[in-house]
Amino acid sequence: LYKGFKIVPYCPRCGTPLSSQEVAQGYKTVKERSAIVRFKVKDEDAYILAWTTTPWTLPSNVALCVNPEETYVKVKAVDGKTYYIAEALAEKVLSDLLSEEDKEEKKAPYEVLETYKGTDLERKEYEPLYDCAKQSADRQHKTGFYVVCDDYVTMTDGTGIVHIAPAFGEDDARVGRTNDLPLVQFVDDKGHMTEQTDFAGLFVKDADPEILKDLDKRGLLFSAPKFEHDYPFCWRCDTPLIY
């Protein structure tokens, strides 16, 4: 026997978890803002570009995840900043930095400085996105805020690097257990952001745009592209579920 945490789909309005059969009844196709975030590399003038479809989980970030077998590049982009990103997605993501004139001239959006395998980036440290996450990790006497590897990361969308919040999502929880990451949870049982964050009292989906504004103000939001995906809603009350 052991004591631990399990990630379950949860309706904050009904105050109850849902079975997989119940979740299957409530999926809807929604278009929301995702986030590509600049995570500042520790002791280096560079950023790791990581993607998430759930900006409300970013205050609970404790790690970034790459695919161990994929190729990653360190690039100097046309905005003057240095980024780590998956080679397969670099052109797609960084082309957004080009002006229309640059695109007409077919100017390259970046210059490759170094090339890596995913495992080469493992344990690379970065600065916490929010102080509240660092404080929570310290209270647990656990280390976070570094790059981990897992083959669930794909090259289909985003940057090929995903943010990890072990309290939300089955893959995040599994990666968190594998790497003994801190479990940071800043959402209450009503689906509202807790007082430890700067977004206290906001329902998670209402917190999304405020978190994007905050990151943008701090120069940490690279972009917030719209993303269409299937998202589960409670079959009883039509409230978005949280994991």
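These legends walk you through several close-up views of one predicted model.

Residues are numbered from 1 along each chain as its sequence is written. Because the model is predicted, local features need pLDDT of at least 70 and side-chain atom pairs count only at pLDDT 80 or more, while totals for chains, interfaces and linings use all residues; side-chain values use heavy atoms, with hydrogens and water left out.

**View 1**
Let us start with the open space: the largest pocket has a volume of about 820 Å³. A pocket here is an open set of points on a 1 Å grid over the protein atoms alone, with protein on both sides within 12 Å along at least five of seven lines, and lining residues have an atom within 4 Å of a point. Points are joined across faces, edges and corners, and a volume is the space filled by probe spheres set on them. The lining holds 29 residues, and Thr-53, Thr-54, Tyr-152, Asp-171 and Asp-172 lie nearest the centre of the pocket. Two or more lining residues come from each of strand E5 (47-52), strand E11 (161-164), helix H5 (170-178) and strand E13 (226-232). E13 gives the most, with 5 residues. Helices (H or I, at least four residues) and strands (E, at least two) are DSSP runs, numbered from the N terminus. By type, the lining divides into 12 nonpolar, 12 polar and 5 charged residues; Ala, Val, Leu, Ile, Met, Phe, Trp, Tyr, Cys and Pro count as nonpolar, Asp, Glu, Lys and Arg as charged, and the others, Gly among them, as polar.

Now look along H5, where Asp-172, Ala-173, Val-175 and Gly-176 are buried. These four residues lie on the same side of H5, because they cover an arc of only 165° around the axis, the arc being that of the directions from the helix axis to the C-beta atoms. An α-helix has 3.6 residues a turn, so residues three or four places apart point the same way. On the other side of H5, Glu-170, Arg-177 and Thr-178 are exposed. Buried means under 20% relative accessible area, exposed over 50%, and partly exposed in between, with a 1.4 Å probe and protein chains only. The cover over the buried residues of H5 includes strand E10 (146-149) and E11, with contact meaning heavy atoms within 4.5 Å.

**View 1. Strand E4 and its two partners.**
In strand E4 (residues 35-40), 5 of the 6 residues are buried. E4 and E5 run antiparallel and are joined by 6 bridges; two strands pair if DSSP finds at least two bridges between them. Across this pairing, Phe-39 stands opposite Ile-48 in E5. The two strands form a hairpin with 6 residues between them, and Asp-43 in the turn has a positive phi of about 60°. E4 is also joined to strand E12 (residues 221-223), by 2 bridges in an antiparallel arrangement, and here Val-37 stands opposite Leu-221.

**View 2. Strand E8, covered on both faces.**
Strand E8 (residues 82-86) has 5 of its 5 residues buried, so the rest of the structure largely encloses this strand. Thr-82, Tyr-84 and Ala-86 are on one side, and Tyr-83 and Ile-85 on the other. In a regular strand the side chains alternate between the two faces of the sheet. E5 pairs with E8 in the parallel sense over 2 bridges, with Ile-48 opposite Tyr-84. Strand E7 (residues 71-77) pairs with E8 in the antiparallel sense over 5 bridges, and Tyr-72 stands opposite Ala-86. The hairpin of E7 and E8 has 4 residues between the strands, and Gly-80 there takes a positive phi near 90°.

Searching the whole structure gives 1 cavity of 30 Å³ or more, a cavity being a set of grid points where a 1.4 Å probe fits but cannot get out. The volume of the largest cavity is about 30 Å³. Ile-48, Val-66, Tyr-84, Leu-121, Lys-124, Val-147 and Ile-161 line this space, and they divide into 6 nonpolar, no polar and 1 charged.

**View 3. Two aspartates with positive phi.**
Asp-180 has a positive phi of about 50° although it is not a glycine. You will find Asp-180 in the loop between H5 and H6, partly exposed with a relative accessible area of 47%. Asp-238, in the segment after E13, has a positive phi near 65°. Its relative accessible area of 43% makes Asp-238 partly exposed.
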